[in-house]
Amino acid sequence: MKDKLKYVITIVLTSALVFGFGAWFLLKEPTKYSESERRTLSLLPEFSLSDVLSGDFMREFEEASPDQFPLRDIFRSIKAYASEYIFNKKDNNKIFLADSHLSKLEYPENPDMIQYAGEKFNYIYNEYLENTDADIYLSVVPDKNCFIAEENGYLALDYDKFAVRVSEQFSVAEYIDVKPLLDKDDYYTTDTHWRQEKIADVAETLCSGMGVGFDGNFRENKLDIPFYGVYYNQSGLNVPYDEIIYLTNDVIDGCKITNYDSGAPADYPMYDMKKAQSADAYEMFLSGTVAISVIENPAAKEKNELILFRDSFGSSIAPLMAGSFSKITLVDIRYIASSYIGNVVDFKNADKVLFLYSTVLLNNSLAMK
């Protein structure tokens, strides 16, 4: 009798769990965006007989069901902790924890992507720069796996050879090496980006490499909210959050910043405190992902203009270089086509042009237009 009761209880609880989650899954309001993963989620398909017969319905249902499953974030965390601490897996969906840093595996090297990036750089040079007097420079920013991956048993790029191959693809540019100035602590522990308060020496090296002076006197300011970087929620692990420290001085405070994200010029702050309150607080630096930004320094004693082709790493280092130039034009060709930038950027007055890109983008360069 007791054994029969156990079976009945087991069947009832299992049925309640299965059918309960099933009903919850089908009846709950669809979740369109995941704040933790910072991505749009797949929605369940609408039922139609033609889609069922063609197989499209089940294919779309299978794709969307993990995104819409109830308590999804909780189950993601359980999976992450089980992978890390029970099964001792080295990574969870390419996210790993090493030396108190969360990171994402960046391996193997993609030669086609390096070549594609080189083609974009050479197109820009041939189209806009070849007949100017501007000096051309290139620098590759290593991602933090350069300093934590191989030492902890993870596959890693050969960063020195990677930089050489990028430089070979864009041989008209003089290479400025910043890798010796960096280590793991120059990066946020929960994010891919470098910490602005740690890279004044990198900014100085870039300016020195381009033959311009640099004033490294800055004031540190701390953002009064915690920073949970892109890897924090992707990992599913509860690790200590970061803090954002941003640098100012009288020159930075006096600069005028104009963004052309919508086509028409609009004034923005150097450090956007509205973006600091968003899901990705790193976007506070120059308002984040903007196609064309211009920093004008009214305190400059002479005209000295820089055009900076960059990815998101450039957002936090450009303010530190503002005192070295009368004008810095930042161009992000992930958000504007290379064939169009001549319509909005004046190349004739450029004294220096710097291509500053991270290994992450160069190794996955299809985002460049």
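# Legends to close-up views

**View 1. Asp 250 is an exposed residue, its relative accessible area being 61%.** The model shown here is predicted. Asp 250 pairs with Arg 219 in a salt bridge whose closest N and O atoms are 3.4 Å apart. The two partners belong to distant parts of the chain: Asp 250 is in helix α10 (residues 250–254) and Arg 219 is in strand β7 (residues 219–222), 31 residues apart.

View 2. Elsewhere, salt bridges with shared partners bring Arg 195, Glu 197 and Asp 242 into one network.

**View 3. A salt bridge joins Asp 99 and Lys 184, with 3.5 Å between the closest N and O atoms.** Asp 99 is found in the loop between β3 (95–98) and β4, and Lys 184 in the loop between β6 (174–175) and α8 (200–209); the pair therefore ties together parts that lie 85 residues apart in sequence. Both residues are partly exposed, Asp 99 with a relative accessible area of 33% and Lys 184 with 26% relative accessibility. The structure holds 12 salt bridges.

**View 4. Ser 139 is a buried residue of strand β5 (residues 135–141).** Its relative accessible area is 0%. Leaving aside residues up to four places away in sequence, Ser 139 touches Tyr 175, Ile 176, Val 178 and Leu 206, together with Leu 354, Phe 355, Leu 356 and Tyr 357. In the chain, buried residues account for 47% of the 369 residues.

**View 5. The largest pocket has a volume of about 850 Å³.** Its lining comprises 36 residues, and those closest to the centre are Thr 192, Val 230, Tyr 231, Ser 312 and Val 360. Two or more lining residues come from each of β4 (101–104), α9 (230–235), α12 (313–321) and α13 (359–362). Helix α9 gives the most, with three residues. By class, the lining has 10 nonpolar, 13 polar and 13 charged residues.

Terms used: Residues are numbered from 1 along each chain as its sequence is written. This is a predicted model: local features need pLDDT of at least 70, side-chain atom pairs count only at pLDDT 80 or more; totals for chains, interfaces and linings use all residues. Side-chain values use heavy atoms; hydrogens and water are left out. Buried means under 20% relative accessible area, exposed over 50%, partly exposed in between (1.4 Å probe, protein chains only). On a 1 Å grid over the protein atoms alone, a cavity is a set of points where a 1.4 Å probe fits but cannot get out, and a pocket is an open set with protein on both sides within 12 Å along at least five of seven lines; lining residues have an atom within 4 Å of a point. Grid points are joined across faces, edges and corners, and a volume is the space filled by probe spheres set on the points. Helices (H or I, at least four residues) and strands (E, at least two) are DSSP runs, numbered from the N terminus. Ala, Val, Leu, Ile, Met, Phe, Trp, Tyr, Cys and Pro count as nonpolar, Asp, Glu, Lys and Arg as charged, and the others, Gly among them, as polar. Contact means heavy atoms within 4.5 Å. A salt bridge is a side-chain nitrogen of Lys or Arg within 4 Å of a carboxyl oxygen of Asp or Glu.
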